[in-house]
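Hello,

Here is the structure I promised to pass on to you. Please open it beside this email and follow along as you read.

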2 protein chains.
Amino acid sequence: MAYLKKEMSNSTQNTQADVFGGLRMTKQRKVVYDVLLDETRDHPTASQVFVRAQGKMPTISLATVYNCLESLTHSGAIKQVNVDREASRYCPNLQPHAHFFCSDCEEVFDIDLKSRATATTPWQLPEGSEVEQLEVTMRGKCPTCTDSTREDSGSEN
Amino acid sequence: MAYLKKEMSNSTQNTQADVFGGLRMTKQRKVVYDVLLDETRDHPTASQVFVRAQGKMPTISLATVYNCLESLTHSGAIKQVNVDREASRYCPNLQPHAHFFCSDCEEVFDIDLKSRATATTPWQLPEGSEVEQLEVTMRGKCPTCTDSTREDSGSEN
DNA sequence: TTTAGATCAAGAACTATTCTAAAAAAGGAT
DNA sequence: ATCCTTTTTTAGAATAGTTCTTGATCTAAA
């Protein structure tokens, strides 16, 4: 809940209005946001968010989930993650990070920057260009799947 | 045409069969590939490739363009580039590189690696993970658009 | 309480892409 | 060359994810 703030308007007392970056935090938006925070943190798609959100609020609609995901993304509360042409996924991790998709177990992992590194470090950017947004996605095998491929046994934890 | 080779089978003489990585180079595939090589190198979408291909071969169909782009991608002759949820774009540059999308002029630029750098350099990959594929896309303003924004004048070339 | 604007819900519409089925083309063997 | 098999092409239908539309509901402020 770290990214939610009470609105501190001085002339009115607020009712429902938790806001994030000027965005009114409605019941539905909160449910959607909570799904991303609460559950397995597995970068769910809109439909997956929808199903989980229905658990908390049975009347919520898919269109609303899309709306909420969009407004949360625009306000900067969450990030939209695209891999190839697959359905977009959503992620509440606001730190700069990359995404690793394991082609075996199909899970998504957040990859952090090395300390003191920036994502643009290895790239020869033309002078004068201004990078506003950067997305890095990797495909491959996660350590667990690399292990189990090696002999099909090796489950040490 | 650097990536096309004549098939060197020793028992048969070949007719149409230029191949790339085992892929038969049919008329249509060649047209599609040539569109990517010949023209403005602007990372066109499938529909744009289709229009340009029709210029060279009026009977070609959109489905075939999709087929060709897919087989060329799988054979490794070209790369598919995805940015957000927009239509896929295609690119014949096989060197490791990132893509920069200018939000002003909407053009796409290839960004090369700094010498001796690799794309994974800044990332803290868990030990044992195997990266098979890496995609880096940036959004922002290209040098030209940064310039012209600064004063709306500055056209020095 | 009224009002104006924001948000929600349900379903239709849209778009890029993939699938299907039949026709055409290509390659190999006779 | 001719037959046979496999690959490729074509055109249109189908699909999936997402966006749009419309009317209803909610909210904050007056």
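Lys and Arg count as positive, Asp and Glu as negative, and His and the chain ends are not counted. The place of a charge is NZ of Lys, CZ of Arg, CG of Asp or CD of Glu. Accessible areas come from the Shrake-Rupley method with a 1.4 Å probe, and for residues only the protein chains shown count as cover. A salt bridge is a side-chain nitrogen of Lys or Arg within 4 Å of a carboxyl oxygen of Asp or Glu.

Two notes on how to read what follows. This is a predicted model, in which local features need pLDDT of at least 70 and side-chain atom pairs count only at pLDDT 80 or more, while totals for chains, interfaces and linings use all residues. Residues are numbered from 1 along each chain as its sequence is written, chains are lettered from A and ligands numbered from 1 in the order in which they are written, and side-chain values use heavy atoms, with hydrogens and water left out.

**The overall layout**

Chain A has four helices and eight strands; here helices (H or I, at least four residues) and strands (E, at least two) are DSSP runs, numbered from the N terminus. Along the sequence of chain A, the order is β-β-β-α-α-α-β-β-β-β-β-α. Of the 157 residues in chain A, 41% are buried. Buried means under 20% relative accessible area, exposed means over 50%, and partly exposed is in between (1.4 Å probe, protein chains only).

**How the strands pair**

Two strands pair if DSSP finds at least two bridges between them. In chain A, strand β6 (residues 97-102) and strand β8 (residues 130-141) are parallel and share four bridges. You can find A:Phe100 opposite A:Met138 of β8(A) here. Chain B also has a parallel pairing over four bridges, between its strand β6 (residues 97-102) and β8(B). There, B:Cys102 has B:Gly140 of β8(B) as its bridge partner.

What joins β8(A) to β8(B)? The two strands run antiparallel and are joined by 11 bridges.

**The charged patch**

Now back to the surface. A:Asp104, A:Glu106, B:Glu130 and B:Glu132 form a negative patch. One of these, B:Glu132, sits in strand β8 (residues 130-141) of chain B and is exposed, at 53% relative accessible area.

**Salt bridges**

Side chains of opposite charge can pair when their charged atoms come close. Over all chains, the structure holds 10 salt bridges. One of them joins A:Lys56 to A:Asp38, with the closest N and O atoms 2.7 Å apart. A:Lys56 belongs to helix α2 (residues 46-56) of chain A and A:Asp38 to helix α1 (residues 27-38) of chain A, so this pair ties together parts 18 residues apart in sequence. Both ends are partly exposed: A:Lys56 has a relative accessible area of 38% and A:Asp38 has 48%.

In chain B, B:Glu86 forms a salt bridge with B:Arg139, at 3.3 Å between the closest N and O atoms. B:Glu86 is in the loop between β4 (79-81) and β5 (89-91) of chain B and B:Arg139 is in strand β8 of chain B, so the pair links distant parts of the chain, 53 residues apart.B:Glu86 is partly exposed at 37% relative accessibility, whereas B:Arg139 is buried at 19%. In chain A, salt bridges that share partners join A:Asp84, A:Glu86 and A:Arg139 into one network.

Most residues other than glycine have a negative phi. Which way does phi of B:Glu106 point, positive or negative? The value is positive, near 60 degrees. B:Glu106 lies in the loop between β6 and β7 of chain B and is exposed, at 62% relative accessibility. B:Arg116, which is not a glycine, also has a positive phi, of about 70 degrees. You will find B:Arg116 in the loop between β7 and β8 of chain B, exposed at 82% relative accessible area.

Happy exploring!

Key
Patch = residues over 30% accessible without salt bridge, like charges linked within 9 Å, V, L, I, M, F, W, Y side chains within 5 Å.
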